[in-house]
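Let's take a walk through this model together. Have the sequence and the 3D view side by side as you read.

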Amino acid sequence: MDALTRLHRSLVGGDEEDQPDDSILADTEGLCSLSPLQRIYAFAACLVAGLALMILSFIVFARPIKFAVMFTFGNILAVGSTAFVMGPQKQLRMMFDPVRLYATAIYAGCVVLALIFALWIHDKLLTLIAIICEICALFWYSLSYIPFARRMVSDLMVKFCDTEL
């Protein structure tokens, strides 16, 4: 077993035969069977494209609507890139884990709101508010993967914002 296969199995969580086939995405897993090396390449390509879009979006920061569209699509690419590594079924299962459910819902809602405000309503202030909420939700969602990170950030915020001495 080569190193990429071991890496893939450790990220996916064991053998793929152990996965139940009763979900909607179980059929799609077999349609797009990529080798572990192809999955790493696809992950890297999506991640780099997403990060590039997010960085390039700051060039058009003065135009909040263009900024919001570029930043949001870059954000979606970067978050979705991990589906290549672990598969879309496990990605969705992890996103809708009870620990991450609220952060995922708020993040997805802010993504949708940012696109609606930018593309249909054309309101710059609402678009920027949605982008700020999107960034905060993504930050809180990302903290859920680090043990005790949410508690530590919450405690720090209470200490910084506490007005009683």
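V112 sits in helix α7, which spans residues 101–121 (helices are DSSP runs of H or I with at least four residues, numbered from the N terminus). With a relative accessible area of 46%, V112 is partly exposed; here buried means under 20%, exposed over 50%, and partly exposed in between, using a 1.4 Å probe and protein chains only. Together with L113, I116, L119, W120 and I121, V112 makes a nonpolar surface patch of about 570 Å². Such patches take residues with over 30% relative accessible area and no salt bridge, joining nonpolar side chains (Val, Leu, Ile, Met, Phe, Trp, Tyr) within 5 Å.

A word on the ground rules: this is a predicted model, where local features need pLDDT of at least 70 and side-chain atom pairs pLDDT 80 or more, while totals for chains, interfaces and linings use all residues. Residues are numbered from 1 along each chain as its sequence is written, and side-chain values use heavy atoms, leaving out hydrogens and water.

Now turn to helix α3, residues 36–57. Its 22 residues reach 31 Å from first C-alpha to last, close to the 32 Å expected at 1.5 Å a residue (that is, 1.5 Å times one less than the number of residues). Buried in α3 are R39, A42, C46, G50, M54 and S57. They cover an arc of only 95 degrees around the axis, so they lie on the same side of α3; the arc is taken from the directions from the helix axis to the C-beta atoms. Y41, V48 and I55 are exposed on the face turned away from that buried side.

Finally, look for the 1 salt bridge in the structure, a side-chain nitrogen of Lys or Arg within 4 Å of a carboxyl oxygen of Asp or Glu. D97 and R100 form it, at 3.7 Å from N to O. D97 is partly exposed at 29% relative accessibility, whereas R100 is buried at 10%.

Terms used: Helix = DSSP H or I, 4+ residues; strand = E, 2+ residues; numbered from the N terminus. Patch = residues over 30% accessible without salt bridge, like charges linked within 9 Å, V, L, I, M, F, W, Y side chains within 5 Å. Areas by Shrake-Rupley, 256 points an atom, 1.4 Å probe, with all protein chains shown as cover.
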